[in-house]
Amino acid sequence: MIHSLSGRLLILTTIFVMLAEVLIFVPSIARFREEYMLTRLERAQIASLALLADDMLDPELEEELLRNAEVFNVVLRRDEARQLVLASPMPRTVSQTYDLRDASATVLIRDAMLRLFRPGNEVVRVIGAPVREAGLLIEVTMETAPMRVAMLDYGIRILMLSAVISVITAVLLFFAMRALLLKPIKRVAGHMQRYAAAPEDARRIIEPSASVTELREAEEALKKLQTDLTQALKQKERLAQLGSAVSKISHDLRNILTSAQLFTDRIEMSEDPTVKRMAPKLVGSITRAVHLCESTLAFGKAEEPGPTLTLMLLEELVEEVIDGERLADPESDISFAADIPANLTVRADPEQMYRVLANLMRNARQAITATGKPGEVHLRAEDRAEAWCITVSDTGPGLPPKAREHLFTAFQGGARKGGSGLGLVIASELVRGHGGTLALHNTGPEGTVFDITLPKGDGTL
């Protein structure tokens, strides 16, 4: 019970209510002591009326009056004269004097606590104002033992009543909190356990129903989390199935391209000038396709090879990429330009860098073609102190908001209808393999600019 939320709530409620009752008990016991002494003053005043009616009282009657008033003597001051009205022998001398006429709450509480924890029987003098303005003051002497016994009896009854009130309050609060808070929390915990057993099942997603605002917000946040997680798991499953299918297709395609590669060796022997000019590009394209299929198979096995870094002439690679893009869409009114310093060499994997630049320039070409207007794709490179920087820019319409939001997320960052969004993901991954970065510099109606940064370093990866 101590380790449960409901049990701790019950215990803490009982403790706090008891603490509140203790704070009430202290002034209550002080008030009881004051009323006790005021009652003795009032009884003494009534007893003194007998003497005022008859100057001479029988000693036995006087003793009986004092015994009923529970005091030893009574002093009454009507004008300026102080008169001992009733008197009897006192067992001991007066130890304390209490004036109730102008006593503050702090003084009453202090005197009550001291009396409660002082067990001895003492004789004290009590001064007060007579009722109905029957004089200036009335003064009595009395014993403290009967008053302390009465205070203890009253205190015990107050504590017992406080305990009963505390238990009843705690039980009522416990059941109220259980109905309003603990049951909804248990319901949310139950939903989480059932969802954890089968997170792919959308039927197990929680439906917010709490009436408490805070719990309602927690349920809505949990629903959003579960919905996103279920969608992510479904997408992961689809990606796994797609990866398996791509691996199978790549395996068969590699075999087909290998056979095609054998035929291109025969084509290179042709004497036709056009064939001689086009054959090396065809051989290079088929070789890259075979390599891409092999890399896809390796990626499906989580064995994507790292780049083989060599010093390469960037200008030759860029010209090859541009020639490939021109051949891909010869009828479009798109110009390709390159601004690369002569003999600029970069440390990179030629095959992977070709794929990176081809992906970026293909995306730029397709974006401009989709507008039906002429445009330009420009590639610029510069050699900086710590890195090589390559910039690919176009005059296309810019990336849509959804593509910018999921730019490097597979199957979500496609900028055109029917696009898979894999091109930028592959390019970014390949650049990271070189220790560099691929970043969107800016995009808008005037065009899109991507920056590739390849660190120089020592070439050790």
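## Helices α7 and α8

In this predicted model, the axes of helix α7 (residues 314–328) and helix α8 (residues 350–371) come within 10 Å of each other and cross at roughly 40°. That makes α7 oblique to α8, since angles under 35 degrees count as roughly parallel, over 145 as roughly antiparallel, 65 to 115 as roughly perpendicular and the rest as oblique. Axes are lines fitted to C-alpha atoms, for helices over the stretch in contact, and angles run from 0 to 180 degrees between N-to-C directions. Helices (H or I, at least four residues) and strands (E, at least two) are DSSP runs, numbered from the N terminus.

The crossing of α7 and α8 is right-handed; a crossing is left-handed if the near helix is turned anticlockwise from the far one by less than a right angle, and right-handed if clockwise. Residues of α7 in the contact (heavy atoms within 4.5 Å) include Leu-314, Val-318 and Ile-322, and those of α8 include Met-353, Tyr-354 and Leu-357. The contact of α7 with α8 comprises 12 nonpolar, no polar and 4 charged residues. Ala, Val, Leu, Ile, Met, Phe, Trp, Tyr, Cys and Pro count as nonpolar, Asp, Glu, Lys and Arg as charged, and the others, Gly among them, as polar.

## The five-stranded sheet

An open sheet of 5 strands has the order β7-β9-β10-β12-β11, with mixed pairing. Its edge strands, β7 (334–339) and β11 (437–444), each pair on one side only; two strands pair if DSSP finds at least two bridges between them. From one strand to the next, the twist averages 15°. Strand β11 pairs with β12 (residues 447–455) in the antiparallel sense over 7 bridges, and Thr-437 stands opposite Thr-453 in β12.

Both helices described above lie across this sheet. Helix α7 lies across β7, β9 (375–383) and β10 (387–394), and runs at about 175° to β7. Helix α8 lies across β7, β9, β10, β11 and β12, at about 150° to β9.

## Helices α3 and α4

The axes of helix α3 (residues 105–116) and helix α4 (residues 145–197) come within 10 Å and cross at roughly 100°. Helix α3 is therefore roughly perpendicular to α4. Ala-112, Arg-115 and Leu-116 in α3 meet Met-147, Arg-148, Met-151 and Leu-152 in α4. This contact of α3 with α4 has 5 nonpolar, no polar and 2 charged residues.

## Regions annotated in UniProt

An unreviewed UniProt entry lists a "transmembrane region" at residues 9–30 and 154–177. Such positions are given in the numbering used here, feature names are shortened, and annotations may be inferred rather than shown by experiment. Residues 9–30 are 100% helix and 0% strand, with end C-alpha atoms 32 Å apart. Residues 154–177 are also 100% helix and 0% strand, and their end C-alpha atoms lie 34 Å apart.

The unreviewed entry in UniProt also lists a "coiled-coil region" at residues 215–242. This span is 100% helix and 0% strand, and its end C-alpha atoms lie 40 Å apart.

## Basis of the description

Residues are numbered from 1 along each chain as its sequence is written, and side-chain values use heavy atoms, with hydrogens and water left out. In this predicted model, local features need pLDDT of at least 70 and side-chain atom pairs count only at pLDDT 80 or more, while totals for chains, interfaces and linings use all residues.
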